[in-house]
Amino acid sequence: MKVRLKIIMLVSLLAGATYFSSCGPKVALRSGSSGKTGWAYNDQKMGGFEVAEYVEQEAGPGLVLIEGGTFTMGSTEEDIMSDWNSMRKRVTVSSYYMDETEVSNVDYREYLNWVNKIFYDENPELYKKAVPDTMCWRRRLAYNEPYVEFYFRHPAYNDYPVVGVNWEQATDYCIWRTDRVNEKALIDHGILEYDAEQKGFNNFNTEAYIAGKYIGTVKNNIKSPSSPDGERAAKMEDGIMLPSYRLPTEAEWEYAALALIGNSSTSPERIVNQRLYPWNGHYVRNDEKANRGLFRANMQRGRGDLMGVAGYLNDNAAPTAPVDSYWPNDYGLYCMAGNVNEWVLDVYRASTNIDVEEFNPFRGNVFQKKKEVDGEYVQDEVTGRLVYENVPDDKDRNNYQTADNINYKDGDLRSSSKQDDWAGSISSVDIGSQRMYNNKIDSTVNGITVSSLVNDRVRVYKGGGWRDRVYWMVPGTRRFLQQDKSADDLGFRCAMIRVGSPAGVGRK
């Protein structure tokens, strides 16, 4: 009955919709008029205010819907490290999307291929900057040279997680992926044709296109009752383009890894079984009859044992495994424990779980705005991306719109940042907080030499990897690394906000 009702609703919406043009790109319009002014929507004679009909957000390629909710964030395991950096706190995250798997080698090589094609002739350093550090495999007393040479490039490892990627490179990949997905959406809707002449500054990126800075090869612009010439480029209000891909926040990553939806479906508003790992139980072997005794994740079982005994390998992986290995959790996500650790968006602070907001907790905001000169948005001369600048800090500690909240409750709010990579992501450099943390090891403050690994360029990573013991498979555990560093057991996956209803059509 619910399915039939859903179909009837959808048909009714489509039947009542009109279109800008019968021959151009079709954008469903909302019928009727404003309930506040009485003026008709999408009527040139009544102002031409355009309102698109929108049913629900489609999941972008590779993404799985994570229905949000409340959960207790923090470690459920004994704090054997005595860090006290993952205290438990009840928080709520809104719905979002997350990659089904970690980003693989072939995924990342697709990105490099595009960067090479667009920028290499004029700015080869942009390609070189994006390449993973394959030297991350080297250990002084281990023979890992074959992985240095073959792991990233050889087709045998196509579907294995990319490693040697630092936080900045992972962030740039997310930005690139957003642009490729939205460019294809515009091509699929018949608005643009593939622009084979893209090169250097002249390349499609979502923000430049929306701002009118990139035109591309137009197939059919959208017919518009409000435009003077009767047509226009697509805009975000049409619902064609998707929101940005990005790294998940620490709260989002932990919530998705626990997947407590699997323990709440039989009893509404009640978690019937808290989890230690991304699966039920206090053990790491599968207890289902068909797979009994097999490891649920790729990890180190004990000293010197990273894969088991020949003939019956315990996790069948040395070092990494394909990104869709083992069994997905109750959200359908693979390898949320083991295989490789994963970068998240947050800046590391030991007190994050205590300080952050209860809704969508996150530490690392640097509030910005698009830079304008004479009323025109400024583009980067090399990449064609829009340039951002920090919102001025008015020194009002009660004003949450100040530029830098990375160090909120840590002391100084002063901030300076620079835009130093091709994709336009911001790398915070020498950001305040002199009274609490320092951006250089063994730096001098007020004549006193101090040392700290915690600074504003340190990011959180989670999940445990193939080198790690079982303790790090617990989603609440957390570690940190400089955002320009990488490792042979550290990768990433992307996330995207869910716009509109938390769960979609048909849910009350």
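Start by colouring the chain by pLDDT, the predictor's confidence in each residue, from 0 to 100. The mean over the chain is 83, and 81% of its residues reach 70 or more. The model is predicted: local features need pLDDT of at least 70, side-chain atom pairs count only at pLDDT 80 or more, and totals for chains, interfaces and linings use all residues. Residues are numbered from 1 along each chain as its sequence is written, and side-chain values use heavy atoms, with hydrogens and water left out.

Select residues 1–24. Here pLDDT stays under 50, and the model has 26 contacts (heavy atoms within 4.5 Å) beyond four places in sequence. Then select 410–441. The pLDDT is below 50 there too, and this stretch has 107 contacts in the model beyond near neighbours in sequence.

**Stop 1: the three-stranded sheet**

Helices (H or I, at least four residues) and strands (E, at least two) are DSSP runs, numbered from the N terminus. Two strands pair if DSSP finds at least two bridges between them. Show E1, E4 and E23. They form an open sheet of 3 strands in the order E1-E4-E23, with antiparallel pairing.

Zoom in on E4 (residues 96–99). It runs antiparallel to E1, and 4 bridges join the two. Pick Leu 65: its bridge partner in E4 is Tyr 97.

H7 lies across E1, E4 and E23, at about 75° to E4. Axes are lines fitted to C-alpha atoms, for helices over the stretch in contact, and angles run from 0 to 180 degrees between N-to-C directions.

**Stop 2: loops**

Select Asn 42, in the loop between helix H1 (2–16) and E1. Its phi is near 55°, a positive value in a residue other than glycine.

Move to Gly 293, in the loop between H7 and strand E9 (308–309). Which residues does Gly 293 touch, not counting those up to four places away in sequence? They are Arg 285 and Asn 286.

Next, select Ala 318 and Pro 319. A cis peptide bond joins them, with omega about 0°. Pro 319 sits in the loop between strand E10 (312–313) and strand E11 (341–347).

**Stop 3: the four-stranded sheet**

Follow on to E11. It belongs to an open sheet of 4 strands, ordered E21-E20-E11-E22, with mixed pairing. E21 (479–482) and E22 (490–491) stand at the edges, each with a single partner strand, so one side of each has no neighbour in the sheet. E11 and E20 (residues 458–462) pair in the antiparallel sense over 3 bridges. Click Val 347: its bridge partner in E20 is Arg 459.
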